[in-house]
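Please look over the sequence and the model below before reading the briefing. The points that follow are grouped by topic, so that each can be checked against the coordinates.

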Amino acid sequence: VTNGVVTLDPKTLAVRQSYSDPARTIVTGPVVFRQNDKDVIAVGTKDGQILLLDANTLAAPSATPAFTTAGATFAGEALSFWQEYSVAPVDPAAAAPPPAPPAAGGGRGVVAPGIPMIPGRAWLLAATNNSIVAWKIADEGGKLTLQPGWTSPALSSPVPPVIVNNVVFAVSSGKPAGAAGSGTPAVLYALDGMTGKALWNSGTAIKSYMPGRALWTSNSQVYVGGDDGAVY
């Protein structure tokens, strides 16, 4: 709600808990994530802060400093949560995995074992009107805090990014043509999730701006929808 956060009972929709601060204006929808056996709610404020609240109590939140980037503001659905994962080290004493099925398609019923993954640091990403800002989620004596991580290069109206295998995919949405000019096309960027370092971008492959929130991932690919009716 405008000056706070309210949680509701899932069956009756009766108010369970509420947090309110007349000095703060909430401008983003909530993102809920699990950290240290607790459900945590993150929201963004008009002055560029991110608040963290205990979902069960809505106790007084941790808050980031306000943005120092001139003109940076949150979009309505600005926040994204992700967690680092790495491959578990190989145990030399472990049993060898079953052989791969023959190339001709035989060996039906043989299922390859899953690759053990180790969870690492958790992050919150915030899409402002001109960049993606990353915050590290830290536990300081049982209290969660957000520590500055990195800020992306300048982007035009980015939407909340998608994260695949520790890589952040963000779109500079571009602008539609108008009386002031011909507009600018969208550009998709791949950024290192831990450092924000640019790994790749789509260059001039996308021929129009991206309307709305037409960014998604599926089947080991990342998709961008253009105003020209094309999916890239």
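What follows is a briefing on the nonpolar cores, strand pairing, salt bridges and surface of this structure. The model is a predicted one. Its largest nonpolar core has 17 residues, and a second, separate core has 13. The structure also holds 4 salt bridges, and a nonpolar patch lies on the surface.

**Nonpolar cores**

- Within the largest nonpolar core, which numbers 17 residues, those with the most contacts inside the core are Phe33, Ile50, Leu52 and Leu124.
- At least two residues of this core come from each of the strands S3 (31-35), S4 (38-44), S5 (50-54), S7 (74-87), S8 (117-128), S9 (132-140) and S10 (143-151).
- Leu124, once neighbours within four places in sequence are left aside, is in contact with Phe33, Ala42, Ile50, Leu52, Ser80, Phe81, Val133, Ala134, Trp135, Ile137 and Leu146.
- The second core is separate and consists of 13 residues, including Val167, Ala186, Leu215 and Val224.

**The open sheet S3-S4-S5-S6**

- An open sheet is formed by 4 strands in the order S3-S4-S5-S6, and the pairing in this sheet is antiparallel.
- S3 and strand S6 (62-63) stand at the edges of the sheet, and because each has a single partner strand, one side of each is left without a neighbour in the sheet.
- Strands S4 and S5 run antiparallel and are joined by 5 bridges, and Val43 stands opposite Leu51 in S5.
- Ala63 has its place in strand S6, and with a relative accessibility of 39% Ala63 counts as partly exposed.
- Although Ala63 and Leu51 are 12 residues apart along the chain, their C-alpha atoms are separated by 4.5 Å.
- Not counting residues up to four places away in sequence, Ala63 touches Arg24, Gln49, Ile50 and Leu51.

- Strand S15 (residues 215-218) pairs with strand S16 (residues 221-224) in the antiparallel sense, over 4 bridges.
- Leu215 stands opposite Val224 in S16, and both Leu215 and Val224 are included in the second core.
- The hairpin has 2 residues between the strands, and in this hairpin Asn219 takes a positive phi near 55°.

**Salt bridges**

- Among the 4 salt bridges in the structure is the one between Arg34 and Asp39, whose closest N and O atoms are 3.1 Å apart.
- Both partners of that pair are partly exposed, since the relative accessibility of Arg34 is 48% and the relative accessible area of Asp39 is 30%.
- Asp21 and Arg24 also meet through their side chains in a salt bridge, at 3.3 Å from N to O, and Arg24 counts as buried because its relative accessible area is 19%, where the cut-off for buried is under 20%.
- Asp9 forms a salt bridge with Arg16, with the closest N and O atoms 3.5 Å apart, and Arg16 counts as exposed at 53% relative accessibility.

**Nonpolar surface patch**

- Val1, Val6, Leu8, Leu13 and Val15 form a nonpolar patch on the surface, and together these residues have about 480 Å² of accessible area.
- Leu8, one of the patch residues, is found in strand S1 (residues 4-8) and counts as partly exposed at 44% relative accessibility.

Notes:
Residues are numbered from 1 along each chain as its sequence is written. This is a predicted model: local features need pLDDT of at least 70, side-chain atom pairs count only at pLDDT 80 or more; totals for chains, interfaces and linings use all residues. Side-chain values use heavy atoms; hydrogens and water are left out. A nonpolar core is a set of buried Ala, Val, Leu, Ile, Met, Phe, Trp, Tyr and Cys residues joined through side-chain atoms within 4.5 Å. Buried means under 20% relative accessible area, exposed over 50%, partly exposed in between (1.4 Å probe, protein chains only). Contact means heavy atoms within 4.5 Å. Patches are made of residues with over 30% relative accessible area and no salt bridge: like charges are joined within 9 Å, nonpolar side chains (Val, Leu, Ile, Met, Phe, Trp, Tyr) within 5 Å. Accessible areas come from the Shrake-Rupley method with a 1.4 Å probe; for residues, only the protein chains shown count as cover. Two strands pair if DSSP finds at least two bridges between them.
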